[in-house]
Amino acid sequence: MAHSVRRTLAALLLLGVAVAILASLGAWQLRRADERRALLSAIEAGRSRPPLSLSPRTPAADLQPWRPAQATGRWLDQYSVLLQNRNQEGRPGYWLATPLLFDPPGHGAVLVLRGWLPRTPGQSVASLPPAPAGLQRVSGELAARVPRLFELWSLGGSRPDQLPGTLPAADGAVPHVQNLELAAYARATGLDLLPAVLMQTGGQDTLVRDWPQPSVDYNQNQGYALQWFSFAGIAAIAWVVVAWRGLRRRASR
């Protein structure tokens with residue numbers, strides 16, 4: 001009898017834990033659905049606003065992510081940076097980031113993600129298309145920051161792809177980095193950057209500007225939540241059945 005009771009209690013404990021875990025997974029999927037719904041609303045709100053003409057005096061409140069924007073100025077090609085490990089349709093490559101100095105010239109600038117270029121196997125240094133000379137008008141969409149990738153740190157904590165403290169680099173090489181923080185980039189270049197990034201959407205060069213879009217399919221998360229809650233319901237029913245059978249066996253004795 002004692003053995004039967006222990007088995008019943010163990011089964012009830014395991015089923016109770018299963019109900020809690022499965023229900024929490026369902027709730028987590030609902031939170032993910034809410035996050036994606038909010039992101040979709042932010043994208044639609046930004047893209048529905050009129051194009052913004054950027055200048056050094058553009059208020060930070062107007063730099064809404066996903067908003068169309070345009071800037072007029074001159075490329076500062078000497079401050080270009082390559083963001084590595086940025087794939088395009090399965091092909092390895094880089095994103096090219098170059099600041100655009102506003103016209104009239106000063107220290108005010110905006111960092112522009114100009115586009116993607118492929119990485120040539122066996123070639124350690126990418127061949128960059130030169131930035132057009134003279135006054136340029138660049139159009140694109142605003143982003144709050146340069147999109148980040150997960151970084152694998154070495155055991156010693158060092159970063160082999162760290163941005164140089166000063167740009168341009170002493171050897172004239174274009175830095176290759178995994179991620180690029182606006183504050184660190186502004187310190188390295190001495191530029192007064194807008195607190196936003198312009199992701200270019202047009203141009204006459206060979207760069208690819210098919211920027212990745214975030215996943216906003218919140219219906220998928222709602223479907224996953226329904227599955228997890230269904231599993232939790234099945235486990236709860238099993239808990240009731242096991243408890244009822246245990247009580248019946250105890251009453252029969």
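Reader: What makes the meeting of the S80 and T98 side chains a polar contact?
Author: The distance is 2.8 Å. A polar contact is a pair of N or O atoms within 3.5 Å (within protein, one must be able to donate a hydrogen and the other to accept it, and residues adjacent in sequence count only if both atoms are side-chain atoms). At 2.8 Å, the S80–T98 pair therefore qualifies. This is a predicted model, in which local features need pLDDT of at least 70 and side-chain atom pairs count only at pLDDT 80 or more, while totals for chains, interfaces and linings use all residues. Residues are numbered from 1 along each chain as its sequence is written, and side-chain values use heavy atoms, leaving out hydrogens and water.

Reader: Why does S80 count as buried?
Author: Its relative accessibility is 2%. Buried means under 20% relative accessible area, exposed over 50%, and partly exposed in between (1.4 Å probe, protein chains only). S80 is under the limit, so it is buried. Leaving aside neighbours within four places in sequence, S80 is in contact (heavy atoms within 4.5 Å) with L96, A97, T98, R114, V174 and P175.

Reader: Why is T98 called buried?
Author: T98 has 0% relative accessibility, so it falls under the buried limit. T98 is found in strand β4, and a polar contact of 3.3 Å joins its side chain to that of R114. Beyond four places in sequence, the contacts of T98 include W75, L76, V110 and V112.

Reader: How do you know that the span of helix α3 agrees with its number of residues?
Author: The expected span of a helix is 1.5 Å times one less than its number of residues. For the 35 residues of α3 (residues 218–252) this gives 51 Å, and the end C-alpha atoms are 51 Å apart, so the two agree. Among the buried residues of α3 are N221, A225 and G246. UniProt, in an unreviewed entry, lists residues 228–247 as "transmembrane region"; such annotations may be inferred rather than shown by experiment, and the positions are given in the numbering used here, with feature names shortened. Over residues 228–247 the chain is 100% helix and 0% strand.

Reader: Which residues have the most contacts inside the largest nonpolar core?
Author: They are L83, L113, L163, L180 and Y185, in a core of 26 residues. β3, β4 (93–102), β5 (108–118), α2 (182–189) and β8 (192–200) each supply at least two residues of this core. A nonpolar core is a set of buried Ala, Val, Leu, Ile, Met, Phe, Trp, Tyr and Cys residues joined through side-chain atoms within 4.5 Å. A second, separate core has 16 residues, including W75, L100, A131 and L198. L180, not counting residues up to four places away in sequence, touches V81, L83, A97, L111, V146, L163 and Y185.

Reader: What makes the phi of W66 worth noting?
Author: W66 has a positive phi of about 80 degrees although it is not a glycine. Most residues other than glycine have a negative phi, and most peptide bonds are trans. W66 is buried, because its relative accessible area is 18%. N85, in the loop between β3 and β4, also has a positive phi, of about 60 degrees, and is not a glycine.

Reader: What kind of peptide bond joins L167 and P168?
Author: A cis bond, with omega about 0 degrees. P168 is placed in the loop between β6 and β7 (176–177).

Definitions and conventions: Helices (H or I, at least four residues) and strands (E, at least two) are DSSP runs, numbered from the N terminus.
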